[in-house]
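Morning, everyone. I will go through one structure today, and I will start with a term we need later on.

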Amino acid sequence: MAGAPAHAGTEPVISVRDVVVSYNGRRVLDGINLDISRGETMVLLGGSGSGKSTLLRQIIGLERPQSGRILVNGVDLANCRLEDLKKLRRSIGVAFQNAALFNSMSVEDNVALPLREHTRLEESTIRLMTWMKLAVVGLAEFGKLSPQALSGGMKKRAAVARALSLDPEILVFDEPSAGLDPIVAAELDELILGLKRAFNMTVVVVTHEMASAFRIADRMAMLYKGSLIAVGTKGELQSNSHPRIRQFFDRVPDKIADTGALDEYFQRYLEGGSV
Amino acid sequence: MTTSIVERVGGATLRHVEYVGALVIQLRNALGALRRTLPLVGNRYRWRSAIHQMLAVGVDAFPMVGIMAVCAGFILAMQGASELRRFGAMQFVVDLVTIGFTRELGPLLTAIAVSGRSGSAFSAEIGSMVVTEEIDALRTMAIDPVEFVLAPKFLAALIVLPCLTVISSACGILAGGLFMRLSTDMALSVYLRYVVQSIVLRDVMTGLVKSLAFATIIVHVGCLEGFRVHGGPDAVGRSATAAVVKSTFLVILADVGFTAIFYLTGGK
């Protein structure tokens with residue numbers, strides 16, 4: 001799957017080349033190659049421990065790879081200076097899995113934070129822009145509240161508003177549906193689609209929720225044990241015969257090594273005997 | 001077996017060297033960020049945050065530091081008096097309490113109280129921010145966590161610890177005066193006159209320099225422990241404990257160093 005091609009005719013905004021990441025001698029990412037085109041929604045799929053969150057942390061520059069290159073807008077994250085990385089980060093908005101809002105600030109102060117830090121705008125302008133970002137995610141009337149007063153879905157939407165505050169070119173979501181009920185998760189999917197339509201952003205989403213992935217993805221990349229085993233459109237992945245992809249799509253559990261012992265355990269448990 | 005002992009000693013040494021190195025790097029980054037925390041020339045949001053920290057680290061600690069100093073003042077005066085009265089030298093209790101507090105007990109008691117209250121709070125706050133990805137969020141927003149989180153605490157501690165030290169010394173000395181009033185009927189005005197005669201500017205400056213060093217240790221150890229949290233809420237708890245233990249230990253170690261320097265350079 002090396003050098004997975006970007007959408008034909010479009011330049012890649014994110015290029016991952018031969019990226020290797022190891023923790024304590026264990027390879028978490030093993031020679032990853034991936035291109036993400038400008039304006040597309042790429043969903044990184046994979047089970048727990050597949051390396052998808054690690055790949056995301058590499059793409060947003062929170063960690064640097066042991067070898068390989070990650071080019072975002074032409075800047076090599078593996079070798080660039082801290083100042084260049086900081087400049088680049090302003091063009092990437094990240095919505096974290098648990099929202100990562102600052103509880104010591106109100107929701108609107110959370111959203112205003114990047115504007116206050118990186119612009120010299122008047123406070124009245126910042127307030128107006130903050131209100132607009134909150135309105136985009138449907139939280140305009142909740143700005144004065146503390147993040148602790150919001151529900152899980154609202155927190156995630158507030159995190160999206162904060163990620164949008166500097167009008168980023170790239171929007172990144174880490175497990176947007178995690179911990180949400182199906183209705184709220186679907187609302188968040190619609191929000192992601194709406195944002196993409198409205199602002200033509202490049203969107204990268206890490207998830208293991210298949211329904212969400214199929215709803216929002218232009219293309220998907222499937223990770224397994226630190227390697228990219230498939231990259232393609234929804235149709236291409238659905239028709240892929242790779243056993244791990246089939247297992248993931250069909251929700252088949254891994255085989256338990258000693259099923260006999262487990263069956264015996266359950267049997268004795270159901271019979272009320274000592275286990 | 002020999003190899004394993006050598007390995008263990010070597011490993012422990014490397015860990016300690018690495019820890020001190022991390023403290024030094026963090027201190028250098030914080031000193032760079034300190035200017036942006038100052039009023040007028042810096043970022044007004046950092047200064048506002050520093051004021052909040054001053055209230056939390058200084059004003060809220062005042063009753064505790066005051067009571068500790070009063071108790072220590074009584075203890076020092078009573079212990080001193082029990083020996084000195086045998087030689088009919090009760091007036092030296094005044095010198096003992098005054099010099100003891102301005103040079104030593106004022107800064108040390110304050111540092112231990114602030115280390116217990118705020119050192120643990122710093123590490124728990126930052127550790128929670130690490131666990132909930134707030135520190136990562138800051139970095140992805142191109143905001144330096146050291147400048148945003150640590151620098152206001154550092155500035156606040158550098159301002160309030162010397163203030164608390166002066167208050168602590170004053171409380172301890174006044175407690176000594178109260179003891180003298182009760183035990184020898186020495187009027188407070190007379191006691192204070194002796195105090196003024198005993199106080200030397202050099203001693204006061206010694207105490208204040210120490211308090212600045214202690215503030216630096218408490219903030220940096222507390223924050224480094226927080227930034228190094230890995231895992232869940234239990235790791236946050238462990239980091240708070242480690243912050244108090246390490247900062248108290250380093251404060252006492254630094255105190256030994258400072259006292260030795262002042263002694264060798266002519267302090268009486």
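When I sort residues by class, Ala, Val, Leu, Ile, Met, Phe, Trp, Tyr, Cys and Pro count as nonpolar, Asp, Glu, Lys and Arg as charged, and the others, Gly among them, as polar. Please keep in mind that this is a predicted model.

Let me apply those classes to the second largest cavity. Its volume is about 40 Å³. The residues lining the second largest cavity are Ala95(A), Phe96(A), Lys156(A), Val160(A), Phe173(A), Asp174(A), Pro176(A) and Leu188(A). H5 and strand S7 (170-174) of chain A are the elements that give two or more residues to this lining. Sorted by class, the lining of the second largest cavity has 6 nonpolar residues, 2 charged residues and no polar ones.

How many cavities of 30 Å³ or more does a search of the whole structure find? The search finds 3. In the largest cavity there is about 130 Å³ of space. It is lined by 15 residues, and those nearest its centre are Ile92(A), Gly93(A), Ala163(A), Thr140(B) and Met141(B). At least two residues of the lining come from each of strand S6 (92-95) and helix H5 (152-164) of chain A, and from H5 of chain B. S6(A) gives the most, with 3 residues. By class, the lining of the largest cavity divides into 9 nonpolar, 3 polar and 3 charged residues.

Now the contact between the chains. Chain A puts 23 residues into the contact and chain B puts in 18. The size of an interface is often given as the accessible area lost when the parts come together. Here, the area buried between chain B and chain A is about 1800 Å², and carbon and sulfur atoms give 57% of that.

The largest pocket has a volume of about 1200 Å³. It is lined by 32 residues, and the closest to its centre are Ile135(B), Asp136(B), Arg139(B), Pro145(B) and Phe227(B). Elements giving two or more residues to this lining include helix H2 (82-89) of chain A, as well as helix H5 (134-140) and helix H6 (145-184) of chain B. The largest share of the lining, 5 residues, comes from H2(A). The classes here are 15 nonpolar, 6 polar and 11 charged residues.

Last, chain B by itself. Chain B has 9 helices and 0 strands. Its C-alpha atoms fill a box of roughly 65 × 60 × 35 Å along the principal axes. Take one pair of its helices. The axes of helix H2 (residues 44-59) and helix H4 (residues 92-131) of chain B come within 9 Å and cross at roughly 140°. Why is this pair called oblique? Because angles over 145 degrees count as roughly antiparallel, the crossing at roughly 140° makes H2(B) oblique to H4(B). On the H2(B) side, Gln53(B), Ala56(B) and Val57(B) meet Val114(B), Arg117(B), Ser118(B), Phe122(B) and Glu125(B) in H4(B). By class, that contact has 4 nonpolar, 2 polar and 2 charged residues.

That is the end of my part.

Conventions:
Residues are numbered from 1 along each chain as its sequence is written. Chains are lettered from A and ligands numbered from 1 in the order in which they are written. This is a predicted model: local features need pLDDT of at least 70, side-chain atom pairs count only at pLDDT 80 or more; totals for chains, interfaces and linings use all residues. Side-chain values use heavy atoms; hydrogens and water are left out. Axes are lines fitted to C-alpha atoms, for helices over the stretch in contact, and angles run from 0 to 180 degrees between N-to-C directions. Helices (H or I, at least four residues) and strands (E, at least two) are DSSP runs, numbered from the N terminus. Angles under 35 degrees count as roughly parallel, over 145 as roughly antiparallel, 65 to 115 as roughly perpendicular and the rest as oblique. Contact means heavy atoms within 4.5 Å. On a 1 Å grid over the protein atoms alone, a cavity is a set of points where a 1.4 Å probe fits but cannot get out, and a pocket is an open set with protein on both sides within 12 Å along at least five of seven lines; lining residues have an atom within 4 Å of a point. Grid points are joined across faces, edges and corners, and a volume is the space filled by probe spheres set on the points. Buried area is the accessible area (1.4 Å probe) that two parts lose on being put together, summed over both.
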